[in-house]
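Me: I have a structure to read and would like to learn how to read its features. Please show me the general idea, then the case at hand.

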Amino acid sequence: LRSRNRPMRVEALLFGRPRELAGCAREEVSLAPDASLADLFESLGGRHGPLLASELGRKEGLIILVNGRDYGLLGGMSAPLKADDTVAVFPIAGGG
Amino acid sequence: MASFRNRLLRVNLTDATFSEDRFTDSMIHDYIGGRGFGAKLLYDDLKPGIDPLGPEAELIFLAGPLAGMTAQSFSRLKVFFKSPLTGTYFKSAAGGFYAPELKYAGFDGVVVTGASAKPVYLWIHEGKYELREAGYLWGLDCDDTHTLIREELHDPAVRLACIGPAGENVVKYAGIFTDRRAAGRGGAGAVMGSKRLKAIACRGTAKVEPADRDAFAVAVKEEIAGYRANPMFANFSKAGTQIAEFTNILGMYPTRNFREGILPDWHEIEGEAYTKLRAKKTGCHACMVHCGNLTRMYTGRYAGAWTEGPEYETTWAFTGPMAKADIGLTIAADKLCDDLGLDTISTGSTIGFAYELFERGIIDTRDTGGITLAYGNSEPVMALIRQIAYRDGFGDLLADGSREAARRIGKGAVEYAIQVKGLELPAYDPRGAKAHGLNFLTSNIGADHNSGYSAQEMFGSPDPFKVDRFEVARKGELTKWNQDLTAFLETGIICSFIPSMGLLSVETFGKLLSSATGIPDVAAPAYLWKVGERIYNLERMFNVREGMGIKEDAFPKRFTTETLPAGPSQGQIFETDALLRDYYQARGWNLRTGVPTNAKLEELGLAFAVEK
């Protein structure tokens, strides 16, 4: 039971504007074992300031992938995270 | 007809004769322009089975009905031909400034047939035209060809579409180049080289006017407002096409000839790494996106190299296939391909095919002229690009593309030629996004991403519906939607990036077209969708007439028998049978043959294409 309550580590990869605002490309975040994507964003916003919090909060204009899957298909911001998940945040992109 | 010049120049290079055609009202109504005209002209003019490199082959250059005015992102040149690489109908497009200049010079397009005995170039100027001697230009690269023709004509504002040594040497994936922009894919440059046509130069000052100036101005304002309201616009304008970090995180960045979906050290080729090397932003005529970049390398093995680009596809072409992320090489190789006149996708992919054959022992240093091809070492790439362009040594084999090279090598090499209909795949593993892959499989020109880009799977676009990229269900319907949308937007010869980012609504496009041309029907989205489907089916019938069908809608067996080994797309395979069946059903095609049914052709006004 004790090990289940231990914080889990999640990797956040930031690109484009979110990276500029955070001042880093990659961050390891410790979260409660039942944490969601919203909790991760709150933690990142708290750590790097209100501009990043506001950028992550607008969501529209961002592509958010949890282990390479669109977060919308995994339950949106309330999607539960697991230990060692990788969450990548991109400005919405176009390719060619 | 407003916005059109309604002059199509026909040149027969065999006897150096010219004639002019006009587009009929019904042609304009039914096919609108651009890709519609290209498909119809090729279908009508070419007999089935002709040699794409023979004198009877045609090379069609077209500007669209919206080029040369203020509508955004429509000033692209499109070339149409039967491809020497695929044997299919083919379309290839280049940005820049050429298409508006062609219209200012008095023409919507040029159709080139025959073959000249000696190198020539075509000079189109203020409605007049002539062939000029090009012997002194033969052998020159694309940059020098631009410089010397501008000097000869005493006019630095002349625009050119030209070939480099690769086109002259009939490399089957040689492109046509205009100010470092490329109509790269499918071998248009080889067709031009086979005709000994070095360039088409043009210059003019005649203004292009829309039919209804006020309505057109309103539509352009609406288009610009739509760009500005979309967050993709600012992001794309800033970053350009660089998305290597994104496709790696999706686990679908083709690595080691599509055996893996993640390139080790992909951080080296992130968009931000290119932004740091950016010397200047560049753009095309009448396009506020300005997604282009002049990039310079300042350190290391390729210090001093510069290029306009590289775009995402080129970044991939010189990294993933060799399993080595060397940003300097991507810059140097992009410029070398632009200078020599090569399509970067097929060049990199064909070299990557050779890497796998070498690793498997199917070829060795006796075949490669002493070059060792080993993953993690991209040092041989620059030498191989030159060998391909000049058909020198091992490059002569690679110059015909991976499918043909595999056929000549034998020993099971064909399994490792990663192509559809002979066209090498671009920088997305089809197992990681099923509609994206289904588009590669069914595109009328072979494995082309821009014929029906699945922005739904790649970027989460909600139109026409949200999808899971791994799901099979409804991907046939989605692929048809993307392909038909692209087909009718390309009647205006729009930049491919605009639809893939959802920057332009169908309604606004209809307003632009109808106010420019004065044809009320083209304002209606339902009409545009019908034209898109008509074009798509006509192109398909061109290929059917060449003897193609379901057998040619095939991937190499890697995608259907090997799963992606690691990363976010781990375990994925391409479910060809289910996806193709769903697609044929959505298209109303025969499920057994992949041929449009007679009823479908008649419904689309294509009764003339029904097979007798």
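Me: Are Lys475(B) and Glu457(B) buried or exposed?

Reply: Buried means under 20% relative accessible area, exposed over 50%, and partly exposed in between (1.4 Å probe, protein chains only). In this predicted model, both Lys475(B) and Glu457(B) are buried. The model is predicted, local features need pLDDT of at least 70, side-chain atom pairs count only at pLDDT 80 or more, and totals for chains, interfaces and linings use all residues. Residues are numbered from 1 along each chain as its sequence is written, chains are lettered from A and ligands numbered from 1 in the order in which they are written, and side-chain values use heavy atoms, leaving out hydrogens and water.

Me: What does Lys475(B) form with Glu457(B)?

Reply: Side chains of opposite charge can pair when their charged atoms come close. A salt bridge is a side-chain nitrogen of Lys or Arg within 4 Å of a carboxyl oxygen of Asp or Glu. Lys475(B) and Glu457(B) form one, with their closest N and O atoms 2.6 Å apart.

Me: How many salt bridges does the structure hold over all chains?

Reply: The count over all chains is 63. Among them is the bridge between Asp400(B) and Arg408(B), whose closest N and O atoms are 2.7 Å apart. Asp400(B) counts as buried because its relative accessibility is 10%, whereas Arg408(B), at 40%, is partly exposed. Another joins the side chains of Glu260(B) and Arg256(B) at 3.6 Å, N to O. Glu260(B) has 27% relative accessibility, so this residue counts as partly exposed.
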